[in-house]
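Work through the exercises below with the structure open beside you. Try each task before you read its solution.

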Amino acid sequence: MRRVSLHTRLVLTVCALVLVGLVPLAVATFGALNDWRAAHDTETLTDTSRTLAADLAQGGELTSTPLVTALATHGDVPSFFQLRRDDGTVLQTVSAGPVPPPTTAPGTVRVPGWLVHTEPVGADTVLVTGMRTSVSDELLARIRRVVILPSTLAFVGVLGLAVWLVRRELRPLARIARTAQAIGDGDLTQRVEPAGPRTEVGRLGYALNGMLNQLETAFEQRRASEQRLRGFLADAAHELRTPVATIRAYAELFRRGAADRPADLARVTARIESEAERMGVLVDEMLLLARLDQGRPLDLRACDLNDLAADAIAAARATDPDRPLELHTDGEPVILIGDATRLRQLLDNLLANVRAHTPSGTAATLTVRADGDAATVEVTDSGPGIPADDRPRVFDRFYRGAHTRTGGTGLGLSLVAAIAQAHDGTATAHPGPGGTGTCIRVQLSRRIVSS
């Protein structure tokens, strides 16, 4: 069964309400006038009949006068009088004009155009009195026309006004429907043109626009996440292809007889181990990034960032003894709630980034300090620096700018940014002091614990 539209239902509802108001009013008005006419005519007729019957019973005569004739012609007054016996024999008739249709019904009866009343006069005689009702009938007919015609015109006017008003008020809903259809077709940029904020439709439009903004943002984030994932997978496949190809080549060389040549065997084995180690580091870093992206819980506990920085400096000096490295702190412990293993990895990657992108022997400084409700870690070097165009992208995965000196995995600073984000922090790249070198600043927020 086809459902009726909201527009039609509202118009029908308005019309029904108008009918509910007009019809009872018209019926009540006409009914009240009709009741008044019936009561008035009956009272006039019965009073006249009884008075005349009483006069006849005392010997009076049944006569008509010019006054009665004039009144009967222009007004609703008794104008027909007839004496007859109980068996119907007419004894005398006095009429000032037309006569009513014959009737034998006792009491007061209404016949077309007349009201007739029968009143006993003697033992076997009755008086039949008739009164014309043409004037009151015409009055009721006029009242009926007056009630019906304006009511009909009022109903038609209200109907037209209801159609126009409902169509105008529902126009925003029609626009919302068209917008929803466009959104359903894939255009998430569409927005509803809201009506006034004080109307229900206007509030609905504002709420829909808010929901659409959130949906568009969510879809954009999802699309960006999918693009990052596809790029990450493509870059990971590209990065893994080189060590895999190298291992395959040296394995082929080993199969062709390098095992019989000790010098070649040592070289082949060393390269296979080196490429396998490189591939293992790459896989470990990608797995860690994947876990951080998934928001897996960290092993959170209280740790001193100064102690972690001292261990990272010691490990970096052991790896690159010729590089001057300094650790600057304010002497007070910087205690925070974090994953000590990941924070140590963050510090190691910052120092490894210095080794990878600055010449051998370039000095670097690791600074740790507490800044109110945040902890700040800075690694500053005096190397060639990072071009301004590359700074916003140095934390992208597998990104290697023109300043890169070695191959690397391209994930070191990406892990720094991911670990910082997992600790409610940020990582940014800046020029070094005096505009030379590079400063990587990491801020870890809302995890500081007073020492």
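The exercises that follow concern a predicted model.

**Exercise 1. Find which residues of helix α4 are buried and how they are arranged around the helix axis.**

Step 1. Locate the helix. α4 covers residues 171-184, which makes 14 residues.
Step 2. Check its span. From first C-alpha to last, α4 reaches 20 Å, close to the 20 Å expected at 1.5 Å a residue.
Step 3. List the buried residues. They are Pro172, Ile176, Thr179 and Ile183.
Step 4. Look down the axis. The buried residues of α4 fall within an arc of 65°, so they line one face of the helix.
Step 5. Recall the helix geometry. An α-helix has 3.6 residues a turn, so residues three or four places apart point the same way.
Step 6. Turn to the other side of α4. Arg178, Gln181 and Gly184 are exposed there.
Step 7. Go past the end. Gly186 follows α4, and its phi is positive, near 115°.

**Exercise 2. Describe helix α7: its span, its start and its buried face.**

Step 1. Take the span. α7 (residues 305-319) has 15 residues and reaches 21 Å between its first and last C-alpha, close to the 21 Å expected.
Step 2. Inspect the start. A side-chain oxygen of Asp304 comes to within 2.9 Å of the backbone nitrogen of Asn306.
Step 3. Collect the buried residues of α7. These are Leu305, Asn306, Leu308, Ala309, Ala312, Ile313 and Ala316.
Step 4. View α7 down its axis. The arc that holds its buried residues is 155°, so they line one face of the helix.

**Exercise 3. Decide whether Arg323 is buried or exposed, and find which backbone oxygens its side chain contacts.**

Step 1. Arg323 sits in the loop between α7 and β7 (325-328).
Step 2. Apply the cut-off. Buried means under 20% relative accessible area. Arg323 has 5% relative accessibility, so it counts as buried.
Step 3. Follow the side chain. One of its polar atoms lies 3.3 Å from the backbone oxygen of Pro359. The backbone oxygen of Thr362 lies 3.0 Å from a polar atom of the Arg323 side chain.

**Exercise 4. Work out what lines the largest cavity.**

Step 1. Count. There is one cavity of 30 Å³ or more.
Step 2. Size it. The largest cavity holds about 40 Å³ of space.
Step 3. Name the lining. It consists of Leu350, Asn353, Val354, Val379, Asp381, Thr438 and Ile440.
Step 4. Assign elements. α8 (340-357), β10 (374-381) and β12 (438-445) each give two or more residues to this lining. α8 gives the most, with three residues.
Step 5. Sort by type. The lining divides into four nonpolar, two polar and one charged.

Terms used: Residues numbered from 1 in each chain as written. Predicted model: local features only at pLDDT ≥ 70, side-chain atom pairs only at ≥ 80, totals over all residues. Heavy atoms only, no water. Helix = DSSP H or I, 4+ residues; strand = E, 2+ residues; numbered from the N terminus. Expected span 1.5 Å × (residues − 1). Buried < 20%, exposed > 50% of the residue type's maximum accessible area, 1.4 Å probe, protein only. Arc of directions from axis to C-beta. Polar contact = N/O pair within 3.5 Å; in protein donor to acceptor, adjacent residues only side chain to side chain. 1 Å grid on protein atoms, 1.4 Å probe; cavity = no way out; pocket = protein on both sides within 12 Å on 5 of 7 lines; lining within 4 Å. Points joined across faces, edges and corners; volume = space filled by probe spheres on them. Nonpolar A, V, L, I, M, F, W, Y, C, P; charged D, E, K, R; others polar.
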